[in-house]
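Thank you all for making the time this morning.

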Amino acid sequence: MPPEPTPEEISTQQSYLSLGLSDSEYQLVCELLGRKPNLTETGIYGVMWSEHCSYKTSKMQLSRFPTEGPNVLQGPGEGAGVVDLGDGWAVVFKVESHNHPSAIEPYQGAATGVGGILRDIYSMGARPVAFLNSLRFGPLSDKKDPGSPNIKRNQYLFGGVVAGIAGYGNCIGVPTVAGEVGFDACYSGNPLVNAMCVGVIRHEDLQHGRAEGIGNPVIYVGAATGRDGIHGATFASEELNEESEAKRPSVQVGDPFMGKLVLEACLELFRSGAVISVQDMGAAGLTCSSTEMAEKGGNGMELDLDLVPQRALEMSPYEIMLSESQERMLLVAKAGREEEVFEICRKWEVPACTIGRVIPETVLRLKHRGALAAELPLDRLLGSCPLYQRDAVPSEKQLSRQKKNAVTWDVPDDIGALFKEMIVQPELASKRWVYRQYDSMVRTCTSVGPGSDAAVIRIEGTNKALAMSIDGNSRYVELDPQTGGRIAVAEAARNVTCSGGQPLALTNGLNFGNPEKPEIFWQLREAVTGICEACQSLELPVTGGNVSLYNETEGEAVYPTPLIGVVGLVEHPEHETTQHWKQAGDVILLLGETEEELGASALQQFMTGSIFGMPPALDLEKEKNLQEAVLEAIRQNLIASAHDLSQGGLVMALLTSCKGELGVHVDWESGIRDDLALFSESQSRILLSTVPQNLLMLEKLMQSRKIPCERVGVVMPGRFDIALNGKFLIQEELPELQQLWENALENIMNSENQGFSGEKQAA
Amino acid sequence: MKGIITVVLKQDILDPQGRAVMNSLQGLGYDEVQGVRIGKSIEIELNGISPDEADARLRKMCESILVNPVIEDYHLEIIED
Amino acid sequence: MRCAVIVFPGSNCDSDLYKAVNSFEGVDAEYVWYTTENLDAFDLILLPGGFAYGDYLRAGALAARTPVLKALIRAAERGVRVIGICNGFQVLTECGLLPGALQRNSGLHFICDTPLIEVVQDQSSFTSRYQQGELIRLPIAHGEGNYICDELTLRHLQAENRIVFRYASGSNPNGSVDKIAGILNSKGNVLGMMPHPERAMADWMGSSDGRRLFESALNLFPETADAA
């Protein structure tokens, strides 16, 4: 083992900087301890005080979220949020980002992101039942420079991330049921990979990660510890640059096979009653899990690092504590029942051993080769991280861009041709190429899988189902973070509503640039304000989430990208609704008002290559009223299909409602310019279809709620015909249009270079 | 002693992965590439037997589990310490 | 009827199969861990889908060399019915009960979809409740379902009417020889198939066409099968 720098050398050589502590933070550590920390201790502080673990920049913003509600059983603070579903059932869910690792090694970065969020869910005691994900990449094509290395790299990242999510999720046996993918130049080099997991649990089985009971053994379960992923949490809190490539060892490698065994072993351990608490060794590995469990239990923990299973030789205490090797859990068992724990682990062929115990002194004490390697008072480690309130100032560009008129182009000559060009853009194209790689059906509880507004998962042994969606249009947030934040919440909830679910609560993944820049912190603050407003209005508590900052490449930030995952309760299987037409002759209704709102729209991006003006406005009262009305209509069995209008407006919603041979004949009246009417992204609009005999009742219901409700057309086999004010703008054979739309992404990705992304795919 | 087993797909079996990699290589300008076959290499540490015994034992391992004779061929190399 | 659902480390469709067969009255399914050496008590043995041993080395290779497979081979020799689904099919080819091998999909990607499947023959113990030529919907979800065998084997399979399921009309999602989706052993008591009948048990799942496979295998409606 190479000699470690002494505490004195760490101070004089400022080694703490490379371990993630600033000058002032290091000084504070020295004051808190009354001495200079050694290398292991400095490393522990560096990682626990990183943004990823401490939320030091975002905490004051996050504390503004409404977190309480009648159904909330567990808000933020534990591994994941927990919400009551009635009859003793509850849902556990959370989103987490793995952006930085995925930018370096897309397959493993994404795979380990999925594994990490999975462990967060089952460490609460829940059986994971579904994965969702939200992904952002740079453009996949460039007309001017199709062979550019950036484009190739984006394709490689996209292919690798999708394969990684598939590789882990498919193997572990949890269906990947919903998600979204976006493409924009701002994500070139800094893709976003946010994975969400949903679990189901009986109230009485709910676990808390508290290390209780002095003298109880601390048991290490799962894969051995290697040098992989050391300082991943601090890595995730830095900007990416050319040096990031050199930090490649930071990326961990997932083993879904071992992950599956650890999952089954842990769920059986909970049932045995021999275990008090379990926590994932995720970000910051053994450090974070041991200190958090001890602190929550009001106790301390002593670990003998020589007992930690190691697969690399000569590992130092620093490396053992900071390793982010995957598929590892830390648990506290009841003293005297260790053998039961080991017996269950043996059955699942998962290595397990005791590595320490719970102690009364509220410290983390580490022993290594007979000597004391570190001793840190927990209150001076966890609660003492300085919180930062950064300056928040919108940029000049931000303000001047908002003042621009959103429409700068003339009416296109051939809107039908324009439409066909737009639906093959990766942004609007069908994501079938992506979700066909995910097993969306394993566990046989999936009632509505990918390709509808929200997925629906049935809860076995009950009449209940869960509707779930993850959503966020970052272009809206880029133009106006507050409105964009509101829309993200409203749209995710609207998706759940359209599927027949009552939205219950949300988790959020906040992906932003460097918060030390005033314009970025302003985006964060404003977006949080918007999310809070929508949460209050729609009565949706926030039960957890994740913050990923420093999403920048060479100084350029990604668009502010808050992603909202909403889970809702479908009270009866009959309420399950999809966005797809059900039978020819059904009448199509458009709810809500269509305004000339094109700022940040798909049409604006396509016509001008950029975004400007203001995003669509969102009236939260109207939104709430609309969602309540649609849910009521679903519960009264008046609706055949329901589909939220979002990117690409009405015409995109019409296309994505078609399935099989069922197309549309639309004849709509609008006072707005043709192209703007079809592609407007006005909020609070939903497309319904209904059998003719329910039409009057449905219209009456909407009238009583004062919701604008127009008959726009009928479901017609084989055609996609759209007329506006009596004039046909689009007239197409449906199968051809569908093929164009469904195969667009596949055509781009299969062009020539799929070999490398596929190469690493576990089958 | 170490046995190195190289497992490849049989010549007449289509290797879509190899084909995709070949296309990529050609796309990158390596026009001389005429074929790519992708296989795997398995390294096995052995102790306490002679090289001749090792050869026989390794072939048995290949036939009993390491290689699927329906689609795969293998090549064996023994490296003595 | 007693029904074994074999479980390997890494199996993940075991509970789906268990639910599927237990949904029939009079059927008693149980999980059987891969270390079991005796399967004498069972009338039907099911090898589930998933990633036994993480698909490491080759899909199905490690599972095919476990103790329970020795017992399964003995049971199959006695004429006990065996169904291997997806990863289970891979295990059956790896252990030699079924000919050929399952390679990586020709498109290189994992595919999850619900294609149309053609019932090629309705004379087998597993398809008596279907009709020859019938098109049914069964989900697939695999990365290595590309069935391959030599010419001679293929001719045998065809001549002996051992191809039970094919991907229907123009589609061949994984590039299989002769669009093969499921085959029998020569005795007709061992079926390997890539599609998942246990995922097609009710309309809300998207299809209920898988029910009749289990009904056939479990002899649940012999009289109606004859009538058909």
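This is a predicted model: local features need pLDDT of at least 70, side-chain atom pairs count only at pLDDT 80 or more; totals for chains, interfaces and linings use all residues.

Let me begin with chain B, which has two helices and three strands, arranged along the sequence in the pattern β-α-β-α-β. If we take the contacts in chain B with a separation of 6 or more, 69% of them are between residues 24 or more positions apart.

Turning to chain C, we find six helices and 13 strands. How does the radius of gyration of chain C stand against the globule rule? The rule gives 17 Å for 228 residues and chain C has 16 Å, which is close, so this chain is as compact as a globular protein of that length. The C-alpha atoms of chain C fill a box of roughly 45 × 40 × 35 Å along the principal axes, and 59% of its 228 residues count as buried. Among contacts in chain C between residues at least 6 apart in sequence, 75% join residues at least 24 apart.

Now to how the chains meet, starting with chains C and A, where 28 residues of chain C are in contact with 25 residues of chain A. On the chain C side, the elements that give two or more residues are helix H1 (14–22) and strand S6 (111–113) of chain C, and S6(C) gives the most, with three residues. By class, that side of chain C divides into 14 nonpolar, six polar and eight charged residues.

Chain B also meets chain C, with eight residues of chain B in contact with 11 residues of chain C. The largest share of the chain B side comes from helix H1 (residues 16–27) of chain B, which gives three residues, and the side as a whole divides into six nonpolar, two polar and no charged residues.

Staying with chain A, which residues of helix H23 (residues 649–657) are buried? They are Gly649(A), Leu650(A), Val651(A), Met652(A), Ala653(A), Leu654(A), Leu655(A), Thr656(A) and Ser657(A). That is nine of the nine residues of H23(A), so this helix is largely enclosed by the rest of the structure.

I would also point you to a helix pair in chain A, helix H3 (residues 39–48) and helix H12 (residues 285–297), whose axes come within 10 Å and cross at roughly 80 degrees. Since angles of 65 to 115 degrees count as roughly perpendicular, that is the description that applies to H3(A) and H12(A). The contact is made by Ile44(A), Val47(A) and Met48(A) on H3(A), and by Thr287(A), Cys288(A) and Thr291(A) on H12(A); by class, it has four nonpolar, two polar and no charged residues.

Finally, two backbone details. Gln14(A), in the loop between helix H1 (7–12) and helix H2 (23–33) of chain A, has a positive phi of about 55 degrees although it is not a glycine. Tyr53(C), which is found in the loop between strand S3 (44–47) and helix H2 (67–77) of chain C, likewise has a positive phi, near 50 degrees, in a residue other than glycine. Are these residues buried or exposed? Gln14(A) is partly exposed, with 13 other C-beta atoms within 10 Å, whereas Tyr53(C) counts as buried, with 23 C-beta neighbours inside 10 Å.

Technical notes. Residues are numbered from 1 along each chain as its sequence is written. Chains are lettered from A and ligands numbered from 1 in the order in which they are written. Helices (H or I, at least four residues) and strands (E, at least two) are DSSP runs, numbered from the N terminus. Two residues are in contact if their C-beta atoms, placed from the backbone, lie within 7 Å. Ala, Val, Leu, Ile, Met, Phe, Trp, Tyr, Cys and Pro count as nonpolar, Asp, Glu, Lys and Arg as charged, and the others, Gly among them, as polar. Axes are lines fitted to C-alpha atoms, for helices over the stretch in contact, and angles run from 0 to 180 degrees between N-to-C directions. Angles under 35 degrees count as roughly parallel, over 145 as roughly antiparallel, 65 to 115 as roughly perpendicular and the rest as oblique. The radius of gyration is taken over C-alpha atoms; the globule rule is 2.2 Å times the number of residues to the power 0.38. A residue is buried if 20 or more other C-beta atoms lie within 10 Å of its own, exposed if 12 or fewer, and partly exposed in between; C-beta atoms are placed from the backbone.
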